[in-house]
Amino acid sequence: MGLIFFWGLWLIVSGLAFAVITVIVTIKGLADLSSMFRELRKQQGH
Amino acid sequence: MNFAAIDWVIVVTYLGISLGMGLLGKRYIGNVSHYLVAGRELGLYVGIATLAATEIGTITFMYYSEFGYKYGFSAFSVALISGLVMIFVGRTGFIVKRFREMKLMTVPEYFELKYSRGLRLLTGFLVALGGVLNMGAFLIVEGKFLTVVSGLDNWHPWGMTSHQVLVGVMTLILALELAYTVLGGMVSVVITDFLQYVLLSTATVLVSIYAVYHAGWGNIVEKVTTTYGRAGINPFFHPDIGWVFLAWQTLLWFSVHTCWQTTAMRMFSTKSPETSKKVMTWTGFIFLGRGMLPMLWGICALTLFGTGALIGGVPSPVVHGKVIEPLNAMPAMLAQILGPGIRGLVVAGMLAATMSVNSSYLLGWSSVISQDIILPIRQFLGKPMLSSSTQILMNRIANLFVSLFVMFWGLYYRLPDVVYKYLNITATIFLAGSFISVVGGIYWKRANTLGGYLAMSMGALGAIVPLLPESFTFIPSILRNLNVAGFLAFGGAMIGFLAGSLLGNMNNERQRAA
């Protein structure tokens, strides 16, 4: 039963990490994308 | 047909938006650096999104769920290794930081900078061979997933067979991702990856909740323990896993996270070496879920459908009285447990995953063909450098070539019993040698070109042997065991590298003394 508890615990950790990072990336990634476009436009201008 | 009208509306809307966003990327393509590494302007969050989206596809869900179905909780050991190794690489900057500092565009490029142009050409050839063979499994597996979940496998318009419908779905997937990858390169891939990451992650979380809710945690534990016993819980006791496989997996995941072309391209595209480390670290946490969650779906499918006759100790899945392949158990489960609307959302998420992976892989392998095979050959022949626009054109042609190969390989090659192991062994063809050569090149002063040649050749040989036809009866059966072959490929590459480097240095010293 010890190993089943071990796998269960890792499942919870991995599921939560997956969900939380997704929320953060979704919110903050848009600003990153617009910054990338701005820099690419600058590079094209040069 | 399992799809309701609302499901089709969701899927078609997603495809339209994704294609439109992808085509937007063409505006920002000024030179080959924009095309291949997005002008090295990736920030942390988009970096995480594109790296995760690139390495999470329907193919990932399919092979991991098959792994979970066949190996129970023991399968989780592989996911744990992949995530923890990635976090370690990110925290320490092992290889990736140095790669980013060198401003590379492809992994084989490093071999010319450190060793020789000839070794870059050999590495480029092996990377393209292993990469394209690896991707050859994608379309057929993804096509199976989509036809089973949507119910298209039981739909026969104009008298078409199920196989013809499958080919139609594969062609459609390929055409859609080619449309924007060929035109917009890495910029398009990054834009669509972001949308696709959000969708696929939402779908992953939703499916995990639905699957556990329907199967029940108590039933899951009981099914695994009664079906597989101790082997289903402890990977060291599983005859198909064991320490040799786990050792191979550890080496393989170190090499994937550092030298795998599509992953490395994300590291090359980040704003700075520090950003590359952070992207790698945080994506490592996502990688834990990337493996464990679909494996859990496979275990849930085992719990719900694993009632058929045992084949190799694994119960065949039975759905509505019909025996199906273990690979198709997970999509069959989704078709049953998800309601209208949710099913469309999940399939859109899986399509997103499919397109993000395939577009990145098309770009990754075609960039190696153009930059590391065609360009060095031209240089050997004394031909002038190509302009940036001609290089982009060459990449686009290579893209089309890879796509056609993937389509035909998927249709005509019969995949081995466990798809995950096929993908691992084809990756090992170039990863064993390139990982050892890169580690040696960066961290060992005596590394030299002869060592690099021997590492690449011996690593590739070890991994190619089990893929040779069965009619080659002179090959010992132990070398056809994928676990042993994968582990030996890394061992052979290391021995070759050490021997070549030590011998090469001796020769150099002799030459200097003379």
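Reader: What span should the 18 residues of helix α12 of chain B have, and how far apart are its end C-alpha atoms?
Author: At 1.5 Å a residue, α12 (residues 242–259) of chain B should span 26 Å, and its end C-alpha atoms lie 25 Å apart, which agrees. The expected span is 1.5 Å times one less than the number of residues. Helices are DSSP runs of H or I with at least four residues, strands are runs of E with at least two, and both are numbered from the N terminus.

Reader: What is the model, and how is it numbered?
Author: This is a predicted model, where local features need pLDDT of at least 70, side-chain atom pairs count only at pLDDT 80 or more, and totals for chains, interfaces and linings use all residues. Residues are numbered from 1 along each chain as its sequence is written, while chains are lettered from A and ligands numbered from 1 in the order in which they are written.

Reader: Back to α12(B). Which residues are buried?
Author: Among them are Phe245(B), Trp248(B), Leu252(B), Phe254(B) and His257(B). Buried means that 20 or more other C-beta atoms, placed from the backbone, lie within 10 Å of the residue's own; exposed means 12 or fewer, and partly exposed is in between.

Reader: Where is Ile95(B), and is it buried or exposed?
Author: Ile95(B) sits in the loop between α5 (76–92) and α6 (96–101) of chain B. It is buried because it has 23 C-beta neighbours inside 10 Å. Its phi is near 70°, a positive value in a residue other than glycine.

Reader: And His320(B), buried or exposed?
Author: His320(B) is exposed, with 8 other C-beta atoms within 10 Å. Its phi, near 50°, is also positive, and its loop runs between β3 (318–319) and β4 (322–323) of chain B. Most residues other than glycine have a negative phi.

Reader: New topic. At what angle do α11(B) and α14(B) cross?
Author: The axes of α11 (residues 217–228) and α14 of chain B cross at roughly 80° and come within 9 Å. Axes are lines fitted to C-alpha atoms, for helices over the stretch in contact, with angles from 0 to 180 degrees between N-to-C directions. The two helices are therefore roughly perpendicular, as angles of 65 to 115 degrees count as such, under 35 as roughly parallel, over 145 as roughly antiparallel and the rest as oblique.

Reader: Which residues meet there?
Author: Asn219(B), Ile220(B), Lys223(B) and Val224(B) in α11(B) meet Ile299(B), Cys300(B), Leu302(B) and Thr303(B) in α14(B). Contact requires C-beta atoms, placed from the backbone, within 7 Å.

Methods. Contact = placed C-beta atoms within 7 Å.
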